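Trainee: Please take me through this structure, one feature at a time. Give me the general idea, then the case here.

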Amino acid sequence: MTTAWQPSPSLPPPASTVGAVGWARSNLFSTWLSSVFTVVLSLVTVYFLWQILDWGIFSADLAGKDQSACDGDGACWVFVKDRFNFFIYGFYPDAEQWRVNVMFFLLAALIFPQFFENAPYKKALGWIFLTVYPVVSGVLLLGGAFGLEFVDTDKWGGLMLTLVLSYVGIVAALPIGILLALGRRSEMPVIRTICVAFIELWRGVPLISVLFMASVMLPLFLPEGTNFNKLLRALIGITMFQSAYMAEVVRGGLQAIPRGQYEAAAALGLGYWRSMWLVILPQALKLVIPGIVNTFIALFKDTTLVLIIGLFEVLGGVQSAIIDPAWQNVAAEGFFFAAFVYWIFCFGMSRYSQALERKLDTGHHR
Amino acid sequence: MADQPTSGGGLQPSKPPPWNDPAVRSIVFQVLALVVLGWFFWTILNNTLANMERRGISTGFAFLDRAAGFGILMSLIPYDESNSYGRTFVVGLLNTVLVAFLGIILATVLGFVLGVARLSNNWVIAKLATVYVEVVRNIPLLLQIFFWYIAVLQALPGIRQSITVGDAFYLNNRGFFFPKPIFGDGFGLVWIALIVAVAAIVCLRKWARQRLDRTGQQFPVFYASIGLIVGLPLLAFLAVGAPLSFEFAELQRFRLAGGASVIPELMALLWALTMYTAAFIAEIVRAGILAVSHGQTEASRALGLKNSQTLQLVVIPQAMRVIIPPLTSQYLNLTKNSSLATAIGYPDLVAVFMGTTLNQTGQAVEIVAMTMAVYLTISLLISLVMNIYNRRMALVER
């Protein structure tokens, strides 16, 4: 007589390898050295976190209007509150600040849909962002038309100036960068040499020297009598610098397009510009969007350098506010605020670019 | 059949008209580009000369020989106000090289530690490293420099209330003071011993490698190297009678006299550059290690290699191939970023030469050109070395 062999049901895994205990054993206390690190580092982290929270929140002063409101124990956020307007708008006249707010709002409204996959009119909004928006914002901020009061650029400052500098830098650098990248891959030796020289020149020097050059040498280059304001000079310097980096990013995309695409475009009888515009660039630019966002992050951080030639964006504003004798010992508070503003923007953008990379990174792995 | 043409123009494409001929077009475009470029430079040159004449600035590099007449906070070579503008260039250049050199070493060490820490099995270590990287690389470098300089170093106590360790090291808002080593007679022999030790290690490694290939026997190269590099100079040092003494900084009424010191500007700049660049290097190292496929590790285990050997002989060589190119560009970035020294007054090339010297002489074109040429030369040199290295390291495929 035979009986079918019945396997006994599997035993559950040992209690020490599953759940919270199992996780802790393999991730926190796997060896004695690891355990020491876990304990020591946790204690140090908790201590510093407590110190920072205590300074920044529990003992901080938020109410009041001036220095006397701060007892010196924790952070003096009254200072940031008092100067907040300056950090955002610079010297922009109070009565006209709604114009800056409209610019901020439009920017947010145009950018927001880009984060969603199925947002309606995504492409159209993208084009508006690159073409119509700069004109509208320029008129809004500068004024002098449509009954808006003229506000000179030397009154611009704070976060608004940071956004203007980085936005103009990237939008102006994009077309120049594309042309340079195409030129660098051109078959005409003279064009190629010119583009390579241009790109390597700007990429090889620090942005500070470019800004110095824009502020001291540009006036020398121009015919007598013409004069730019400081902001425009900085913008020209930043655009030149940025377009070289942009060119290298776009070149990466161009190199990733298989040769067959170029040949197919030629076989269809398309000329150089039409094959680039209709076949190559749409594919290449899509590939390099994460790269463009990354250059944008770098540019966003680099805009702080304009304070060296006397423009006051967020960091410049903070820097000039902390040396104001009306406030004492507020350097840390000011820098924390500025760091927070930059961090929010840069971290958000880097997350966006990472998500894009994951989304675009399809079908290339074997 | 006979009436079919066997030669002649029938099957050849007809020659396009010149305005449609790609070869002709290409030449026209290039000539046009050259003409436009030439006109552009010609206009700029003319305008510049006219503008400079109007402002009464003479052109040329004669100003480099004139006396500078301003002091510099820190100099690696003897310098005083009677020296020439040319010497301010050298002083600035050396200060830039100093901060870039130290920054590269420190950032590499910190960056590799952080990069490996991000991949650690220990959750706390990995998370802390991640938080560090995400925080530091998303905050502008200039802000970090300001933070360390203004909010930390300038907030330190004054000289009388210095933080001190055993009256040998002092930290205050004037900088960091430490005992200055004074090398006595015969100390040169120690340096020679050090060089000999390095040469011996190179030979030893080569010999050990050959022996390994020939006989399969291993030689403890690592411990032998440490023994050589520590032992030889130490022996030489003792042989010549330990000719080394220290000059301690001494607390006087208003200052610390003697000893050696690091100015706070250098400390803030170096620290900020190191922390910032290390965050980027950590990401590069992490990506490089992750790029080595797991099969490689498993294969080397299967061959019976120890953990340390797997790391040394299999993982690191392959990871380095991915790591080195972006690492070099980070080194270049660090060197270029060191020009932010201007903002806190560390006397680097840009601050001294493009700042003070330019303001005093007004020779904008010459000075900007010289400064940019320095940075360009450094980047082109590093790219050149990089390309050679890449060619040697590139995978040799069948």
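Mentor: Start with burial in H15(A). A residue is buried if 20 or more other C-beta atoms lie within 10 Å of its own, exposed if 12 or fewer, and partly exposed in between, with C-beta atoms placed from the backbone. In H15(A), the buried residues are Ala331(A), Glu333(A), Gly334(A), Phe335(A), Phe336(A), Phe337(A), Ala338(A), Ala339(A), Val341(A), Tyr342(A), Phe345(A) and Cys346(A). Keep in mind that this is a predicted model: local features need pLDDT of at least 70, side-chain atom pairs count only at pLDDT 80 or more, and totals for chains, interfaces and linings use all residues. Residues are numbered from 1 along each chain as its sequence is written, while chains are lettered from A and ligands numbered from 1 in the order in which they are written.

Trainee: What covers the buried residues of H15(A)?

Mentor: Look for contacts (C-beta atoms, placed from the backbone, within 7 Å). The cover includes helix H3 (77-89), helix H7 (158-184), helix H13 (289-302) and helix H14 (314-322) of chain A. Helix H4 (141-153) of chain B is also part of that cover.

Trainee: How many residues does each chain bring to the contact between A and B?

Mentor: Chain A gives 44 residues and chain B gives 49. On the chain A side, helix H2 (32-58), helix H8 (189-204), helix H9 (207-221), H14 and H15 each supply at least two residues. H15(A) has the largest share, 10 residues. By class, the chain A side has 31 nonpolar, 11 polar and two charged residues. Here Ala, Val, Leu, Ile, Met, Phe, Trp, Tyr, Cys and Pro count as nonpolar, Asp, Glu, Lys and Arg as charged, and the others, Gly among them, as polar.

Trainee: Which residues have the most contacts inside the largest nonpolar core?

Mentor: A nonpolar core is a set of buried Ala, Val, Leu, Ile, Met, Phe, Trp, Tyr and Cys residues joined through C-beta atoms within 7 Å. The largest one has 150 residues. Leaving out residues up to four places away in sequence, Ala338(A) touches Val314(A), Leu315(A), Val318(A) and Leu143(B). A second, separate core has five residues, among them Val190(B), Ala193(B), Leu232(B) and Ala236(B).

Trainee: What does the radius of gyration say about chain A?

Mentor: Take it over C-alpha atoms and compare it with the globule rule, 2.2 Å times the number of residues to the power 0.38. A compact globule of 366 residues would have a value near 21 Å, but chain A has 28 Å. Its C-alpha atoms fill a box of roughly 110 × 75 × 40 Å along the principal axes. Chain A has 15 helices and zero strands, and 34% of its residues count as buried.

Trainee: And what is the picture for chain B?

Mentor: Chain B has 11 helices and eight strands. Its radius of gyration is 30 Å, well over the 21 Å of the globule rule for 398 residues, so chain B is more spread out than a compact globule. Its C-alpha trace spans about 110 × 80 × 45 Å. Buried residues make up 28% of chain B.

Trainee: Last, single residues. Is Tyr85(B) buried or exposed?

Mentor: Count the C-beta neighbours. Tyr85(B) has 25 others within 10 Å, so it is buried. Tyr85(B) sits in helix H2 of chain B, residues 85-118. Leaving aside neighbours within four places in sequence, its contacts are Phe63(B), Leu64(B), Arg66(B), Ala68(B), Thr357(B) and Thr361(B). Now take Asp66(A), in the loop between H2 and H3 of chain A. With 11 C-beta neighbours inside 10 Å, Asp66(A) counts as exposed.

Note on methods. Helices (H or I, at least four residues) and strands (E, at least two) are DSSP runs, numbered from the N terminus. Two residues are in contact if their C-beta atoms, placed from the backbone, lie within 7 Å.
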